[in-house]
Amino acid sequence: MPPLLEVKGLHTEFRTGAGVVRAVDGVSYTVHSGETVAVVGESGSGKSVGAMSILRLIPDPPGRITQGQILFAGRDLLSLSTEEMREVRGSEIGMIFQEPMTSLNPVLTIGRQITETLQQHRGADRATADRRAVELLNLVGIADPERRLRQYPHQLSGGMRQRIMIAIALTCEPRLIIADEPTTALDVTIQAQILELMAELTRRLNVALIIITHNLGVVARYAKRVNVMYAGRLVESGPATEVYHDPRHPYTMALLRSVPRLDRPRQARLDPVDGQPPDLTRLDGGCAFRPRCRFAVEACGESRPALEAIGAAGHLSACFRRDELPSVQVAA
Amino acid sequence: MAVMTSEAPDEIHRSWRTAALGFCRRQPLGTFGLAIVIVTAIAGLSAEWIAPYNPTANDFEAMTEAPSWAHWLGTDQFGRDLLSRIIYGARTALIIGFISAFVGGFAGLVLGVGSAYFGGKIDLILQRVMDILMAFPLIIMALAVVAIFGTGVQNVIAAITVPLIPRCARVVRASALSIREVPYIDAARTSGFSHSRIILRHMMPNVVAPFLIMLTAFVGQAILAEASLSYLGLGVQEPTPAWGLMLQGGAEEYASTAPWIAIFPGLAIALTVFGFSLFGDALRDAIDPKLRER
């Protein structure tokens, strides 16, 4: 079965006063129908720009998708007309944002914000749209939906607003939902609820989910596959369990060490990733992670390692020392 | 959560009467302004029934008469009753003031929000055009429009509307720029809504507060501009009763012997503009949540 979404060699750049920023620099990955894929990386690694590129919502100027293909259900989204693209947004691909506080329009009722999408894409009449809205609120676990529909966003708590955002994303039964750090702004107990809800709904409705996050705990628990991004490129990609237990890129390893874990001794100190993310206008020909990498060798400064397979099961890593890393790590 | 849900609906569905009473209590000056606006509006709307005389009827037996029981505000050099002319003049002032302010305001609203939403080159070009229009003082701009298209009520309205557009567009753009950056606009785009829908339904309601305040100020400004143009002979033409018009001709000639001809229309202009300004200011304070007492 062909994948639902296939991103091939995507390049998105921003022309700024300081130079050209290659925010997404040749990223390729696939998402299968009903699958949950996590995109992980630090701030500025190109995770969100990559997601917005799929919806073609990069502000132009200064941004531009310069190369690549985005095949969604067999169509190249980059070759669609503006009109056709608008039909895809919200209807076939839904999006959930980070900030539930500001992602809902304060002057429109919850009901209007849900039914508007239906009326836009499905040409539904008011009564049908209202019925569907009630159904959706029930689905995302909001009690007393009829009353909630008449309320405004400020009358709801953060967790409820994020549930509303999920409802809006699900309105037109999309085949893919992109969630851009959906739980970052919520407190921990609510985070778990929202993630459980998303996991359950995507499974039940067979919706593929791209979850953009810097929270590796989220990845471990909910994602089937993980894409690790650094400086606009994929540095490691593979099944979540593989990447989590046998990371083959120094950056992934560093990320994993920087997170507290219950299966490690409690006395062990957390190990932050040293240094700063690189300035994307000043990348040289070598590996972008080299300055922060404790395993860097001479070859790393000469060319960029390509994303290549390690073993089976589709585990890929962009590191010259991908095969020797486990043994070097033990030695170090 | 329980507190939020029990309190918030009251705030939203607070009845108009409570809101109006609250406004009167907190903004006594604004209430005074509102009273002037209401009196002017009543005068303008029901001029036929409350004006004691025909505003254009000459009475050569009663020329330049001082205020008396027969003519409360006196008569002008043609014996026309000043009170009646002021009452009918309110209609002219309000028609021109409201139409100019609303047309100019809404054009500015659309241009301002659109400019902020699209940004980039469109924003740059629109804003430079607005800068050029703003470079002319309101009255000079209006003079130019009247000089090109001639006098008459419609042209006067156009002359006053055009210079109001950039003033409104600029203020609205400033608020819209900050709203453009809020994620719910991105969210609307990811839902596949068209540009016009996002501008009209998602952005405009969010800039309504500054817009309303500006609109009240604009009505006052437009009334003043209309009076100025009429006074200069470029606005409304005789014999239509208009406040600006009443200040020229006889008012100048008889300034020392019959000052009431100039004083009362002048007072009408000043009071009305003052009333709109007071009301606009109070409205801003009332709408601004930072200034509202909790």
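Author: A residue is called buried here if 20 or more other C-beta atoms lie within 10 Å of its own. In this predicted model, that cut-off applies to helix α1 (residues 47-54) of chain A, where the buried residues are A:K47, A:S48, A:V49, A:G50, A:A51, A:M52, A:S53 and A:I54. Because eight of the eight residues of α1(A) are buried, the helix is largely enclosed by the rest of the structure. Just after α1(A), the backbone at A:R56 takes a positive phi of about 55 degrees.

From its first C-alpha to its last, α6(B) reaches 23 Å, close to the 22 Å expected at 1.5 Å a residue.

Returning to chain A, the axes of helix α3 (residues 110-122) and helix α6 (residues 158-170) come within 8 Å and cross at roughly 20 degrees. Since angles under 35 degrees count as roughly parallel, α3(A) and α6(A) are therefore roughly parallel to each other, and their crossing is right-handed. On the side of α3(A), the contact is made by A:I110, A:Q113, A:I114 and A:T117, while α6(A) contributes A:I164, A:A167 and A:I168.

As for confidence, the mean pLDDT of chain A is 83, and 96% of its residues reach 70 or more. Among the elements of chain A, the lowest mean pLDDT, 67, belongs to helix α12 (residues 325-331), and the highest, 90, to strand β3 (residues 36-40).

Definitions and conventions:
Residues are numbered from 1 along each chain as its sequence is written. Chains are lettered from A and ligands numbered from 1 in the order in which they are written. This is a predicted model: local features need pLDDT of at least 70, side-chain atom pairs count only at pLDDT 80 or more; totals for chains, interfaces and linings use all residues. pLDDT is the predictor's confidence in each residue, from 0 to 100. Helices (H or I, at least four residues) and strands (E, at least two) are DSSP runs, numbered from the N terminus. The expected span of a helix is 1.5 Å times one less than its number of residues. A residue is buried if 20 or more other C-beta atoms lie within 10 Å of its own, exposed if 12 or fewer, and partly exposed in between; C-beta atoms are placed from the backbone. Axes are lines fitted to C-alpha atoms, for helices over the stretch in contact, and angles run from 0 to 180 degrees between N-to-C directions. Angles under 35 degrees count as roughly parallel, over 145 as roughly antiparallel, 65 to 115 as roughly perpendicular and the rest as oblique. A crossing is left-handed if the near helix is turned anticlockwise from the far one by less than a right angle, and right-handed if clockwise. Two residues are in contact if their C-beta atoms, placed from the backbone, lie within 7 Å.
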